[in-house]
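Biologist: I would like to learn how to read the features of a protein model, one at a time. Could you take me through them slowly?

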Amino acid sequence: MPDDLKRSLKNRHIQMIALGGAIGTGLFYGSGTSIQLVGPGITLSYLIGGVAVFFIMRALGEMSVDEPVSGAFSHYAYRYWGDFAGFFSGWNYWFCYVVVSMAELSVVGVYINYWFPKVPTWISALICLILITVVNLINVKAFGEFEFWFSLIKVAAIVAMILFGLLIIFFGFGNSGEAIGLSNLWAHGGFLPHGLWGLLLSLVIVMFSFGGVELIGITAGEADQPKESIPKAINQVVWRILLFYVGALLILTIIYPWNLVGTTGSPFVEIFSAIGIPAAAGILNVVVLTAALSTYNSGLYSNGRMIHNLALHGSAPKLFATLSKAGAPVYGVAFSSGLTLIAVILNFLVPGKVFMYLMSVATMAAILNWIMILITQLKFRQSKVAAKEGEKLSFKLPFCPISNYVTLAFLGVVIILMAYIPDMVYSLYIGPVWILILYIGYKLRGPSKVVKGK
C-alpha cells in the first residue's frame, strides 16, 4: 500500500512522542481526582495499570516491528481481522484523540489563569490550538523537534520535582528546615483510606492517564530505523512512565496530606503553593502548561496520520490521503484541529466542567483501542504461526495468549467500574451509540483496499 510519509523521526523523537502523549493532563491535572478516590494508594493504582499497559504496548510492538506502517493497529486489524475491525479501529482511535485533544485544550485556560485570572479560558484554548496546528502543518521533523523539547521539559521537571520533594521530606528544604517525614502516607485514614473499592475506582482515571503510549505504533511509518528504534522505545517508555508517575505521586502524597489535595487545578501547583514555595509553584505551572500543549501536539500528529491511513484504505475521503510537499497530511491535520474547536466552544459555554466529561469519553475510546490491539495481535500471531513464520518474530508479546486474556479481563473490569463514577457513567451510554455510528458508516462506505492476510 503506498505511503509517502517521510521517515524523519529518530529514536529520541519516538521516545519523547510516546512520553509526550502519556505524561500530560492525566498526571498533572487528573491526578487530583484519582488521589481523592484512593488516597496515598494512588501509587499502587499506577503500578497495576502499568502492568496492563506493558502488555498492550508489547502486543502493539510485536506487530509494529514486523510491519512498520503509519496506520499501526488499524492497518493490522484490516489485514489480520477484517474490514470492519480495521475501519472501527482507525476511526475509534481518531475519535479518541480528538476527544483527548479537547480535554487538553479545556485545561489550558486553567493554567493560564494562574498568572492571568481575568483571561477567559476559551481565548487561551483558541491561541494554543492555532499555534500547535501551525507546527503540525509544517513537516514531521518540525513536529518531532517541537515534541522532543516539550516532552523533555516536563520529564526534566518531574525528575527535579522528585529530587526537590526528597529534600523537603528528609531535610526540610524550603520548609524552615523541618523535615516532613513519611507520616502523610498513613496519618489521614491509612494508605488506602477508602479501602479496596477506592483503589478499584481510581483505576478508571489511571487508565486515562496512560492513554497515548500507543503513539509509538503510529510513529513506525515515519521512523528511520523502525526495527531498532521501536523495541527500544517501547521497553524504555513503559518503565519511564511508571517511574515518573509512581515517583511523582509518591512524593506528592508524602509532602502533603492527600485529603487536602484539590481537584480544580493542578495538584502539583496547589501543593507547592500551600507549603509556601510559590517560585516552585510558578515553575511547575509552566511545566503543566507545556505538558498540555505537548499532549495536544501528539494528539494532532497521530490524528493526521490515522485519518491519512484510513483514506489510503478507502475508509475516509480521498482528500485526507493527500500529503504536502514536506510529507505532512495537511487536510487530515486541519480537519482534526478544526473539530477540537468544540473544546473552545465548551469552555465558553460551561467553563470548569469540561475536563471530566471529556476524560470519561476519551477513557472509553482508549479502552476500545486497547481491546482492538490485544485481539488483533492474537489474530496476527495465529496468522504467523499458520504461515510458519512465528519463530521469525523478533519482538514477541510475553506470555501470549494468556497475557492477552488477562489484560482484556482487566479492561472489562475498568469499563464496569466507570458506572460507579458519576461524571463518567454517561460515557457507557455514548459508547454503544458510537459503535453503532461506526457500523453504519462502515456499511455506507466502499470496499476496503486491503486484502485480509496479505
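**Reading side chains and rings**

Modeller: Let us begin with Ile-437, which is found in helix 18, and keep in mind throughout that this is a predicted model.

Biologist: Does Ile-437 count as buried, partly exposed or exposed, and what is the reason?

Modeller: The general idea is that exposed means over 50% relative accessible area and buried means under 20%, with partly exposed in between. Ile-437 has a relative accessibility of 47%, and therefore it counts as partly exposed. Leu-163, by contrast, has 52%, so that residue counts as exposed.

Biologist: Where is Leu-163 found, and which nonpolar patch includes it?

Modeller: Leu-163 is found in helix 8, which covers residues 140-171. It belongs to a nonpolar surface patch whose members also include Val-159, Phe-170 and Trp-186, and the patch has about 910 Å² of accessible area together.

Biologist: How far apart are Ile-437 and Phe-88, in sequence and in space?

Modeller: In sequence they are 349 residues apart, while in space their C-alpha atoms are 10.0 Å apart. Phe-88 also takes part in one aromatic cluster, together with Phe-84, Phe-87, Tyr-439 and Tyr-442.

Biologist: How is a pair of aromatic rings described?

Modeller: Such a pair is described by the distance of the centres and the angle of the planes. A search of the whole structure finds 17 aromatic pairs. One of them is formed by Tyr-93 and Tyr-97, a tilted pair with 5.4 Å from centre to centre and 50° between the planes. Both of these residues lie in helix 6 (residues 83-112), where they are 4 residues apart, about one turn of the helix, and both are buried.

Biologist: Why is the pair of Trp-197 and Tyr-420 called edge-to-face?

Modeller: Planes over 60 degrees apart count as edge-to-face, and here the planes are at 85°, with the ring centres 5.0 Å apart, so the pair receives that name. Because Trp-197 lies in helix 9 and Tyr-420 in the loop between helix 17 and helix 18, the pair ties together parts that are 223 residues apart in sequence. Trp-197 itself is partly exposed, with a relative accessible area of 43%.

Biologist: Which residues have the most contacts inside the largest nonpolar core?

Modeller: They are Phe-28, Met-207, Phe-210, Phe-268 and Trp-370, in a core of 136 residues. Helix 6 gives the most to this core, contributing 19 residues.

Biologist: And which residue lies over the face of Phe-395?

Modeller: That residue is Arg-58, at 4.0 Å from the ring centre of Phe-395.

Definitions and conventions:
Residues are numbered from 1 along each chain as its sequence is written. This is a predicted model: local features need pLDDT of at least 70, side-chain atom pairs count only at pLDDT 80 or more; totals for chains, interfaces and linings use all residues. Side-chain values use heavy atoms; hydrogens and water are left out. Patches are made of residues with over 30% relative accessible area and no salt bridge: like charges are joined within 9 Å, nonpolar side chains (Val, Leu, Ile, Met, Phe, Trp, Tyr) within 5 Å. Accessible areas come from the Shrake-Rupley method with a 1.4 Å probe; for residues, only the protein chains shown count as cover. A salt bridge is a side-chain nitrogen of Lys or Arg within 4 Å of a carboxyl oxygen of Asp or Glu. Helices (H or I, at least four residues) and strands (E, at least two) are DSSP runs, numbered from the N terminus. Buried means under 20% relative accessible area, exposed over 50%, partly exposed in between (1.4 Å probe, protein chains only). Rings of Phe, Tyr and Trp (its six-membered ring) pair if their centres lie within 6.5 Å; planes under 30 degrees apart count as stacked, over 60 as edge-to-face and the rest as tilted. A charge sits over a ring if NZ of Lys or CZ of Arg is within 6 Å of the ring centre and within 35 degrees of the ring normal. A nonpolar core is a set of buried Ala, Val, Leu, Ile, Met, Phe, Trp, Tyr and Cys residues joined through side-chain atoms within 4.5 Å.
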